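Take a look at the sequence and the structure first, then follow the notes below.

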Amino acid sequence: HSLDYDPLSADLVTGILKEFVPEGRWQQFEEGSDVDIAYEIPGRARFRTNIFRNHWGPAAVFRQIPSDILSIDELGLPKVMKALALRQNGLVLVTGPTGSGKSTTLAAILNHINEHRRREIITLEDPLEFIHTDKQSTFIHREITEHSHSYNAGLRSAMRADPDVILIGEMRNCETMRLALDCAAMGMLVFATVHTNGAAKTIDRMIDAFPSEE
């Protein structure tokens, strides 16, 4: 919706963003001109925020993260999701374009585990989106760059912690995929997102990410 205000100047936008972007993340933005953070107004709302530069100067896009984690039934997801949630091990990939509901779906699945199983769950995200309150399970939420240098480093650390369940916010490269497969092979239940449209394209994406000799 358009607003009855004059366009914000680049200097004013910079000042607004600096008020809530952590210093380390602002430095990352200065160096790379692009950064993702989660921004929370306590008790009111939480946002996934992409800060970037365009020809006008700095800019930001805010996507609201729902305050309540909806259940599998409330989202109208297939009943098989409950069976996947309660598996002992394996690799479960949730795919689709940006804004298609991958994070919301995974939050519902982890919530189902939380309500029905005693599990140690580690989440690795950039940024953290849904924050779970311990019910039956115990959660360790880690944000990439804030609590771990990278997905790869976070996954290696998680493997040493020997959790029952790992959530990977996004599988972006060959090494992350390899580590995710290793975790699943070690007996963990691994959930991850991939930006693909459909199961067949997801398999192709994973195969194409690895060197041909592998």
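**Charged pairs and what they connect**

In this predicted model, D126 and R172 form a salt bridge, with their closest N and O atoms 3.8 Å apart. This pair links distant parts of the chain, since D126 sits in the loop between β5 and β6 while R172 sits in the loop between β7 and α7, 46 residues apart. As background, side chains of opposite charge can pair when their charged atoms come close.

*More on the salt bridges*

- D126 is buried, with a relative accessible area of 13%, whereas R172 is partly exposed at 40%.
- D126 also meets R25 in a salt bridge, at 3.4 Å from N to O.
- Because R25 belongs to helix α2 (residues 23-32) and D126 to the loop between β5 (120-125) and β6, this pair ties together parts that are 101 residues apart in sequence.
- Are D126 and R25 buried or exposed? Both of them are buried.
- R178 and E214 form another salt bridge, and their closest N and O atoms are 2.7 Å apart.
- R178 lies in helix α7 and E214 in the segment after α8, so their pairing joins parts 36 residues apart in sequence.
- R178 is partly exposed, with a relative accessible area of 23%, while E214 counts as exposed at 56%.
- Salt bridges that share partners bring R25, D126, E143, E170 and R172 together in one network.

*The sheet*

- Five strands make up an open sheet with parallel pairing, in the order β4-β8-β7-β5-β6.
- At the edges stand β4 (90-95) and β6 (138-143); each has a single partner strand, so one side of each has no neighbour in the sheet.
- On average, neighbouring strands of this sheet are turned by 15° against each other, direction ignored.
- β4 and strand β8 (residues 189-194) run parallel and are joined by six bridges.
- Within this pair, G90 stands opposite L189 in β8.
- Helix α7 packs on the sheet, where it touches β4, β7 (165-168) and β8, and its direction makes about 135° with that of β4.

*Two helices side by side*

- At what angle do helix α7 (residues 174-185) and helix α8 (residues 199-209) pack? The angle is about 110°, and their axes are 9 Å apart.
- α7 and α8 are therefore roughly perpendicular to each other.
- On the α7 side, C174, M177 and L181 meet R205, M206 and A209 of α8.
- By class, this contact has five nonpolar residues, one charged residue and no polar ones.

Technical notes
Residues are numbered from 1 along each chain as its sequence is written. This is a predicted model: local features need pLDDT of at least 70, side-chain atom pairs count only at pLDDT 80 or more; totals for chains, interfaces and linings use all residues. Side-chain values use heavy atoms; hydrogens and water are left out. Axes are lines fitted to C-alpha atoms, for helices over the stretch in contact, and angles run from 0 to 180 degrees between N-to-C directions. Helices (H or I, at least four residues) and strands (E, at least two) are DSSP runs, numbered from the N terminus. Angles under 35 degrees count as roughly parallel, over 145 as roughly antiparallel, 65 to 115 as roughly perpendicular and the rest as oblique. Contact means heavy atoms within 4.5 Å. Ala, Val, Leu, Ile, Met, Phe, Trp, Tyr, Cys and Pro count as nonpolar, Asp, Glu, Lys and Arg as charged, and the others, Gly among them, as polar. Two strands pair if DSSP finds at least two bridges between them. A salt bridge is a side-chain nitrogen of Lys or Arg within 4 Å of a carboxyl oxygen of Asp or Glu. Buried means under 20% relative accessible area, exposed over 50%, partly exposed in between (1.4 Å probe, protein chains only).
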